[in-house]
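Q: Here is a model to look through together. Can we take its labels one by one and ask what stands behind each?

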Amino acid sequence: MPSHSNTYDYDVLIVGSGGAGLTLALNLADHVKIAVLSKFALTEGSTYYAQGGISAVLDEHDSLESHIEDTLIAGAGLCDPEIVKLTVSHGRESIEWLKQQGVSFTEVQSEDGHSQLHLNREGGHSHRRIAHIADATGKAVSTTLIDRAKEHPNIDLLEYHNVVELISAKKLGQNEPRTLGAYVLDSQQNVIKTFSAKCTVLATGGASKVYLYSTNPHISTGDGIALAWRSGCRVSNMEFMQFHPTCLYHPTARSFLISEAVRGEGGKLVLPDGTPFMQNYDKRLELAPRDIVARAIDNEIKKRGLDCVYLDISHKPKSFITQHFPNIYQQCLALEIDISQQPIPVVPAAHYTCGGIVVDKDARTDIPALYAIGEVACTGLHGANRMASNSLLECLVFADRASQDIMKIIDTLPQNPPLPAWDESQVTDSDEEVVIAHNWDEVRRFMWDYVGIVRTTKRLTRAMNRLKLLKEEIAEYYGQFRITSDLLELRNLVTVAELIIRCAQIRKESRGLHYIKDYPEPDNSRPPQNSILVPDNYSALEKD
C-alpha cells in the first residue's frame, strides 16, 4: 500500500505527452506547476508517428471559407459549423506558434527568390494547405515540444506512468462533482501513486488498438475515453472510427502508414495486375475522402479474394520521390520494396477516433475541472469523418482554448483535501497473465471482423454478445489481482469497444465512416444526429 510519500501535488495534471498535452503544458507553464504523464516513453504517442502535416490556410489562392466548406463536406453533416470556423481560423497562428517553438517546416523558393512554406494537398482538400516537415511532421513537432517542455522548470515529465482511475470529489463525500486528480501506476517502480491537482486534462489520444490492424502506436487503447466514461462524462460518435486506406501490407511492418500525401502527389491505387479501380467508386479518384477510399479497397480485396491492393507512384522521377517521401522511401527499401520502381502493397487499417469525450469550445467535459483535448475529445470538428491533417490543428487550437479557460478558473478553485492512498490490501499477484493476452487478442479480432469498415446489424449483435462475456471475466480479474499496465489497457479497451458497438447500434443509417449494409443510405428524413451515450453516473451540473 503506497505511503503518504507517494502523493504528489500539482496545479494541473496532464495525462498524455502528445501534441495536445505538450502544447497545453507549454501554454500554462509560466503560471502554474504541471505534471505531464506519459504511459510509456514520451515519444510513444500518435503525434510522433504522424506523417502528413497540419492544415492551415496559408496560400494566397486559398480561403478560410474553402477550408471550412471542405471540412463540413468531409464530416457528412455532423460537424459543428461554429467549431469548424473557430478551429480553421486559428490555423495560421498555430503554425506560427510551432515555428516559435523551433519547428522547421519544409520550405521552397518562390519565383521571386523568397522562401515560403511548401504545402501538400491531401484527400478532401480543394487546395494545397498542408504545412509539413517532409513526410515526418509529427516526429519533428513531438521532439521539438518535448525539448521545450524539458527546458521549463514548471513542467515535470513523467514517463511510464499509467492512470488507473480519476479521483472524484463526490466519491470522497463532497457535494460537487469535481475531479481532484488521479491514481497512477508507475509501471517501472510498480507502485500506485496519488496525484492531486486542481485541474486534470485528458490528452491520451485515440482508441484504434481496439482493432486487429491499426496504423497507431500500441498505446492507443482509448484510456482517456474509458476513464472519463467511468467518471460520469458523456461520450459521443464512437461509431466513426476512421480506417486509413493505405497501411503497408507486410508481415513485419503491419503498422507502417503510407501517407495520404503519396496519393496527393499522384500515387495511383491499382489491382495486382496494375489496373486502376478508383474510377469505379468516386469521380475524385484517389483524392476522395478516406472513408470512400477505404471502403473501395476493402470491397476490392473481399470481392477478388486478395491479400492487398497496391499504391503506385513509380511513374514519378526517383528524385521527386526521395525528396517528398524520404522516410517512406527508406522504410519500404528496408523491406526490399523500392517505391521508385514498384508499387507498394497496402491494406486499410484503423487510424483515427473521430468520436470521444463530449467537450465544449473550451475543451471542458461534463465534470468541472476536467478537460479533454486532442483525439480523445469529440469537439464537433470532425463530424462523421475527419478530413486529413485537421487533427494536429485541433490539438493545437484546443490546447490553447483549454489553457485560457484553466487560467480563468484555477485561482477560484479550492485547495484539494488530503486524498486517500490507493487500497491494494484485497488483491494478489496474478498467476494467469496469459488471460490478458488472450482476451486482448479476442477483442481486437471480433472488433475487426464485426465492427470494421463494413457492418451489419447481425455482426454488431454478435460483437456485443462476445463483449458481455469478456467484460464480466475482466471485471472479476481486475477485482482479484494486482494492477499491471497490460490489465489497465485491456480494461479500457473493452470499455471503448462497448462504446463503439453501442453507438453503431444507435445509428440506423450509413453516414461518413459508419457503413452498415442494413441501412446503406443516410437517413434524410431528419437533420443528422450525434450519437450520445450517457453513463449511469452522469454528473454534469446542467444536464442537457
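This is a predicted model: local features need pLDDT of at least 70, side-chain atom pairs count only at pLDDT 80 or more; totals for chains, interfaces and linings use all residues.

Q: Which residues make the contact of α1 with α12?

A: From α1 come Gly-19, Ala-20, Thr-23, Leu-24, Asn-27 and Leu-28. From α12 come Cys-395, Leu-396, Ala-399, Asp-400, Ala-402, Ser-403, Ile-406 and Met-407. By class, that is nine nonpolar, four polar and one charged.

Q: What makes α13 and α14 roughly antiparallel to each other?

A: The angle decides. Helix α13 (residues 434-450) and helix α14 (residues 457-480) pack at about 165°. The cut-off for roughly antiparallel is over 145 degrees. The value of about 165° passes it, and therefore α13 and α14 get that label. The axes lie 10 Å apart. The crossing is left-handed.

Q: Which residues of α13 and α14 make this contact, and how do they divide by class?

A: On the α13 side are Val-435, Ile-436, Asn-439, Glu-442, Val-443, Phe-446, Asp-449 and Tyr-450. On the α14 side, the residues include Arg-459, Arg-462, Arg-466, Leu-467, Leu-470 and Tyr-477. The contact has eleven nonpolar, one polar and six charged residues.

Q: Why is α5 called oblique to α6?

A: The axes of helix α5 (residues 91-101) and helix α6 (residues 137-151) cross at roughly 60°. That makes α5 oblique to α6. The axes come within 10 Å, and the crossing is left-handed.

Q: Which residues of α5 and α6 meet?

A: Trp-97, Leu-98 and Gln-101 of α5 meet Val-141, Thr-144, Leu-145 and Arg-148 of α6. Four of the contact residues are nonpolar, two are polar and one is charged.

Q: How do you know that Val-201 is buried?

A: Look at its relative accessible area, which is 0%. Buried means under 20%. The value of 0% is under that limit, so Val-201 is buried. Val-201 sits in strand β11 (residues 191-202).

Q: What is Val-201 in contact with, leaving aside its neighbours within four places in sequence?

A: Its contacts are Val-12, Leu-13, Ile-14, Val-15, Leu-24, Tyr-371, Ile-373 and Ile-406. The C-alpha atoms of Val-201 and Gly-16 are separated by 8.6 Å, with the two residues 185 apart along the chain.

Q: What makes Glu-336 count as exposed?

A: Its relative accessibility is 70%. Exposed means over 50%. The value of 70% is over the cut-off, so Glu-336 counts as exposed. Glu-336 is in the loop between α11 (326-334) and β16 (344-353). Its phi is near 65°, a positive value in a residue other than glycine.

Q: Is Ala-363 buried or exposed, and how do you know?

A: Ala-363 is buried, because its relative accessible area is 0% and the limit is under 20%. This residue, too, is in a loop, the one between β17 (356-358) and β18 (370-372). Phi of Ala-363 is near 70°, again positive in a residue other than glycine.

Q: Why is Ala-421 called partly exposed?

A: Its relative accessible area is 31%. Buried is under 20% and exposed is over 50%. The value of 31% lies in between, so Ala-421 is partly exposed. Ala-421 lies in the loop between α12 and α13.

Q: Which residues touch the most other members of the largest nonpolar core?

A: They are Val-164, Leu-202, Tyr-211, Val-443, Met-447, Val-451 and Ile-500, out of 77 residues. Helix α15 (residues 485-506) gives the most to this core, with twelve residues. A second, separate core has 56 residues, among them Ala-29, Val-141, Ile-373 and Leu-413.

Technical notes:
Residues are numbered from 1 along each chain as its sequence is written. Side-chain values use heavy atoms; hydrogens and water are left out. Axes are lines fitted to C-alpha atoms, for helices over the stretch in contact, and angles run from 0 to 180 degrees between N-to-C directions. Helices (H or I, at least four residues) and strands (E, at least two) are DSSP runs, numbered from the N terminus. Angles under 35 degrees count as roughly parallel, over 145 as roughly antiparallel, 65 to 115 as roughly perpendicular and the rest as oblique. A crossing is left-handed if the near helix is turned anticlockwise from the far one by less than a right angle, and right-handed if clockwise. Contact means heavy atoms within 4.5 Å. Ala, Val, Leu, Ile, Met, Phe, Trp, Tyr, Cys and Pro count as nonpolar, Asp, Glu, Lys and Arg as charged, and the others, Gly among them, as polar. A nonpolar core is a set of buried Ala, Val, Leu, Ile, Met, Phe, Trp, Tyr and Cys residues joined through side-chain atoms within 4.5 Å. Buried means under 20% relative accessible area, exposed over 50%, partly exposed in between (1.4 Å probe, protein chains only).
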